[in-house]
Amino acid sequence: MENLRSPTDEEDAQMPNWVYTFFRHMVDGGRKEATSKQYAQTLGRLYEEDNKAPSEMVTDEYFNITKASFKNKSGNGQRSASVGAFIKFWKAIEGDASKLETAPDDLKFCQVGAARKGAGPKQSKATPPAPMDQESEEAKKLRKELKLPDEGWTVGIRARKSGDLILSISPGGTAYTTKEAVDRRLGRETSASST
């Protein structure tokens, strides 16, 4: 996820408007208001936790990482469903920030980014992302379980607020988040292809 861009100060200041317009788009499209609010709230929470620009939150990479996260799985897919709905919304307005509505100050679920911090320039995060752990016993055990080739492949574990991110990284630098994806990459038969 580290190759996904963080928001600029301008994007951070606009984030409440993204959340609000996303909410209005879903309600206007016939989705229940409570469901729309939950999706918008979840999007705001992901923005706060992951600190990624809105344009990065609509990428396949962000969606796949979110979908694979422990918090998403333990929350019955709520996080990935929210990101999926945001991707559809983004496409509908073609990512055009000039189409955003202004978020009312009294809607707390819209208050994310600079608005939550009391307006003004975005404060930098006190701690940078945790480094990728490739040497722990857990990483070595996962490498063995995945039967990775000795040359070039690594296993990395990064602690995140939204759940640990576990990656198998190929010699070319492509990250894989599931055993099935690793098996496909290595030309092995996967459990999905054997049924």
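**First stop: the second largest pocket**

Select the 15 residues that line the second largest pocket; Glu61, Leu167, Ala175, Tyr176 and Thr177 lie nearest its centre. On a 1 Å grid over the protein atoms alone, a pocket is an open set of points where a 1.4 Å probe fits, with protein on both sides within 12 Å along at least five of seven lines, and lining residues have an atom within 4 Å of a point. This is a predicted model, in which local features need pLDDT of at least 70 and side-chain atom pairs count only at pLDDT 80 or more, whereas totals for chains, interfaces and linings use all residues. Residues are numbered from 1 along each chain as its sequence is written, and side-chain values use heavy atoms, with hydrogens and water left out.

The space in this pocket is about 310 Å³, a volume being the space filled by probe spheres set on the grid points, which are joined across faces, edges and corners. Colour by element next: helix H3 (60-68), E2 and E3 each give two or more residues to the lining. H3 provides the largest share, three residues. Helices (H or I, at least four residues) and strands (E, at least two) are DSSP runs, numbered from the N terminus. By class, the lining has seven nonpolar, six polar and two charged residues. Ala, Val, Leu, Ile, Met, Phe, Trp, Tyr, Cys and Pro count as nonpolar, Asp, Glu, Lys and Arg as charged, and the others, Gly among them, as polar.

**Second stop: the sheet**

Now select the three strands, which form an open antiparallel sheet in the order E1-E2-E3; two strands pair if DSSP finds at least two bridges between them. At the edges are E1 (154-158) and E3 (175-176), each pairing on one side only. Between E1 and E2 (residues 165-169) there are five bridges, and Leu165 in E2 is the bridge partner of Arg158.

Display H5 (residues 78-92) with H1 (residues 9-28): their axes are 10 Å apart, at an angle of about 90 degrees. Axes are lines fitted to C-alpha atoms, for helices over the stretch in contact, and angles run from 0 to 180 degrees between N-to-C directions. H1 and H5 are therefore roughly perpendicular (65 to 115 degrees). Residues in contact (heavy atoms within 4.5 Å) include Trp18 and Phe22 of H1 and Phe86 and Trp90 of H5.

Among the contact residues are Tyr39 and Leu46 of H2 and Val83 and Phe86 of H5.

Methods. Angles under 35 degrees count as roughly parallel, over 145 as roughly antiparallel, 65 to 115 as roughly perpendicular and the rest as oblique.
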